[in-house]
Amino acid sequence: LTTLVGFASVLIKDKKDKDLLLSIQKDLYKIMSYMAGAKVPIAYLSGRVKLFEQNIDKVAAKLPKLNRFLLPGVTEICSRLHLCRVACRKAERRVIFYLKRAKKDHAKEASTYITPYFNRLSDLFFTLARKYTKGKEVVT
């Protein structure tokens, strides 16, 4: 996922979006460390989830309402962000699978902070992908 985020970010010119993706990559490295057993603080991820929600709301307010499914593609950056979304959903499922077998205290903290992080992050990727279709969305 972190590689795909970097792959997407190279095409983005908007400094705020580019900085956001870089900070996500840094978060992902902390999450990977935590999942590998390192004593890395992760409670800050709650604030990141709120930031994602604010970004989602801000971007979505400028987009047309959605009442059909979108076909990924249209622009290269849109496609790359959809790849990020898919990888994020897969990572979320893998974390949930892992947590079912993890130690209770580790699983509780991870499910409190990491699972919601991935859930909202995938929504952020979806919203950013819509932003970068430049009004050329293809619906089913």
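Mentor: Let us begin with a definition: a residue is called buried when its relative accessible area is under 20%, and exposed when that area is over 50%. Please bear in mind that this is a predicted model.

Trainee: Is D17 buried or exposed?

Mentor: D17 is found in helix α2. Its relative accessible area is 7%, and the cut-off for a buried residue is under 20%. D17 is therefore buried.

Trainee: Which side chain forms a polar contact of 2.6 Å with that of D17?

Mentor: Leaving aside neighbours within four places in sequence, D17 is in contact with I12, L128, K131 and Y132. The polar contact of 2.6 Å joins the side chain of D17 to that of one of these residues, namely Y132.

Trainee: Which element gives the largest share of the lining of the largest pocket?

Mentor: The largest pocket has a volume of about 270 Å³, and D17 is among its lining residues, as are L51, N55 and K131. The elements that give two or more residues to this lining are α2 (15–35), α3 (45–60) and α5 (104–131). The largest share, four residues, comes from α3.

Trainee: How many residues of that lining are charged?

Mentor: The lining includes D14, K16, D17, K58, K62 and K131. Its residues divide into five nonpolar and one polar, with the charged ones numbering six.

Trainee: Where does I12 lie, and which residues does it touch?

Mentor: I12 lies in the loop between α1 and α2. With a relative accessible area of 3%, I12 is buried. Not counting residues up to four places away in sequence, I12 touches D17, K18, L21, I77 and Y132.

Trainee: What separation do the C-alpha atoms of A8 and I77 have?

Mentor: A8 has its place in helix α1 (residues 2–9), and at 0% relative accessibility A8 counts as buried. Not counting residues up to four places away in sequence, A8 touches I77, R80, L81 and C84. A8 and I77 are 69 residues apart along the chain, and their C-alpha atoms are separated by 6.1 Å.

Trainee: Is Q25 buried or exposed?

Mentor: Q25 has its place in helix α2. Not counting residues up to four places away in sequence, Q25 touches T2, V5 and G6. Its relative accessible area is 18% and the cut-off is under 20%, so Q25 is buried.

Trainee: How many disulfides does a search of the whole structure find?

Mentor: A disulfide is a covalent bond between the sulfur atoms of two cysteines. The cut-off applied to a pair of cysteine sulfur atoms is within 2.5 Å. A search of the whole structure finds this number of disulfides: zero.

Trainee: Which cysteine sulfur is nearest to that of C78, and how far away is it?

Mentor: C78 is buried, with a relative accessible area of 1%. C78 is in no disulfide. The nearest cysteine sulfur is that of C84, at 11 Å.

Conventions: Residues numbered from 1 in each chain as written. Predicted model: local features only at pLDDT ≥ 70, side-chain atom pairs only at ≥ 80, totals over all residues. Heavy atoms only, no water. 1 Å grid on protein atoms, 1.4 Å probe; cavity = no way out; pocket = protein on both sides within 12 Å on 5 of 7 lines; lining within 4 Å. Points joined across faces, edges and corners; volume = space filled by probe spheres on them. Nonpolar A, V, L, I, M, F, W, Y, C, P; charged D, E, K, R; others polar. Buried < 20%, exposed > 50% of the residue type's maximum accessible area, 1.4 Å probe, protein only. Polar contact = N/O pair within 3.5 Å; in protein donor to acceptor, adjacent residues only side chain to side chain. Contact = heavy atoms within 4.5 Å.
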